[in-house]
Amino acid sequence: MSNYIDLPLSGLEEPLSEMEQYVQDTAHRFAVDVLRPAGAALDEMSAEESIAPDSPLWGILEKAAGLGLSVKAMLDMEPLERERIMMIASEELSWGECGLGSMVLVNQMPGLYAALAGNMEMVDFCDGKLGCWGITEPDHGSDMLDADGSVAAANGDYGRPNCVARIEGDKIVVNGQKSAWVSGSAVAQVCALYCHLEENGKTRPGVSLIVPLDLPGVTKGKALEKMGLRCLNQGEIYFDNVEVPLSHLLVGPDGYVDFVRHTLTEANAHVGNVAVGLARAAYEHAHAYAHERKQGGLPIIRHQSVRSRLFHMFRKVEAARALVRRVMTYNATAPEAALQGSIAAKVTATQTAFEVASDALQIFGGNGMTREYPMEKLLRDARAMLIADGCNEMLALKGGSLLVNPELL
Ligand SMILES: Cc1cc2nc3c(=O)[nH]c(=O)nc-3n(C[C@H](O)[C@H](O)[C@H](O)COP(=O)(O)OP(=O)(O)OC[C@H]3O[C@@H](n4cnc5c(N)ncnc54)[C@H](O)[C@@H]3O)c2cc1C
């Protein structure tokens, strides 16, 4: 009799509700049937080919819309129910292909951030449109995510922002550009834009607004060629005197710093969740391969060091998932969501994904280095996640600054 115990997809977790189980099954099927094969093909294409009209990307986006994961569709749910549906679906999609899983998430960000700001008109406006989040700039990557300056060096000088907005009567006029890293920019129809405000020739942080990307004066840069997460297209967005109605404003300068904190709290936890999907995929590939590959006359799973390595991978995936789910549950139910919790989830899960993908590649031996097997791609994808949504070391400094209570010093 075998003592092998197979676990459900959700791992060491209490049973899911009927609805959650349905979402997990549906997302899992979509991941297997659509995302994995398309992801392997897109990864091989050039960045420009991957967004060309004949790219499989468009069919995927159309099918993904049918999953019913829009912010608006979920707003009627209780916060915890909504958060659990999102984390279960998103982990599964990212298990299938983490760049495309990220894209499904990113497409919802303008609606999500509009909801965070309590601007229901903009939630409605963004519904059914592909979205992106433009915050970082060529000269301000970490700087833009550190809106309260808690990580900036005391003698540092921010310098000129690359993108500024002016409020003129009933419109917001945007000029400048966002960095080449705006995820999903090539396909996006709306952008949740975070930038500095210009008043009387001076700039300060900042404003957040929803910008329709078909407005006169908006142009996009070329799709970025990069090492990992190649299925998630990225590129600049340029603004030349773009006039946006004032009703698109999510937050003005008085609430901006706080809003960036809330946005990062939301985004970091979700990125951690995506990383859990990637880590689980790497672990499962290695687990299967260890049963197939024979060396020394035995499947390599029979060698103790391979089993031990696999166990540590399993342990890390479960630990990362437990933390991510705990943080997302806390944030959905506590009176005030905790940025330090979301940073802990993002840093832990992305570091886990990187370590587990690297260990999985080791279990594949030489085959792991080749494009015949999925490991080298997973490792490239995992590497990108240590930088996406804030470099982990910068986030750790920020998390640390949130632990300081000046009154106790
Ligand atoms: C896959 C991916 C997806 C992304 N998606 C988006 C997106 O959708 N929208 C968007 O706007 N941006 C996006 N980004 C941009 C991302 O948020 C930035 O790359 C990230 O914040 C780091 O900025 P940077 O690349 O300019 O690096 P820099 O800020 O130049 O940092 C370079 C190095 O210096 C360190 N450093 C910087 N400042 C400090 C400091 N104060 N203290 C100590 N160390 C510091 C960093 O840790 C890092 O190691 C994405 C990036 C990637 C890789």
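Trainee: How many salt bridges does a search of the whole structure find?

Mentor: The model is predicted: local features need pLDDT of at least 70, side-chain atom pairs count only at pLDDT 80 or more, and totals for chains, interfaces and linings use all residues. Residues are numbered from 1 along each chain as its sequence is written, and side-chain values use heavy atoms, without hydrogens and water. A salt bridge needs a side-chain nitrogen of Lys or Arg within 4 Å of a carboxyl oxygen of Asp or Glu. Searching the whole structure on that basis gives 26.

Trainee: Which residue forms a salt bridge with D43?

Mentor: D43 is buried at 5% relative accessible area, where buried means under 20% (1.4 Å probe, protein chains only). D43 lies in helix α1 and its partner in helix α13 (residues 375–385), so the pair ties together parts 337 residues apart in sequence. Helices are DSSP runs of H or I, at least four residues, numbered from the N terminus. The closest N and O atoms are 2.9 Å apart, and the partner is R380.

Trainee: What separates R280 and E284 in helix α10?

Mentor: Their side chains meet in a salt bridge, 3.0 Å from N to O. R280 is buried at 3%, while E284 is partly exposed at 28%, that is, between 20% and 50%. They are four residues apart in helix α10, so the separation is about one helical turn.

How values were computed
Helices (H or I, at least four residues) and strands (E, at least two) are DSSP runs, numbered from the N terminus.
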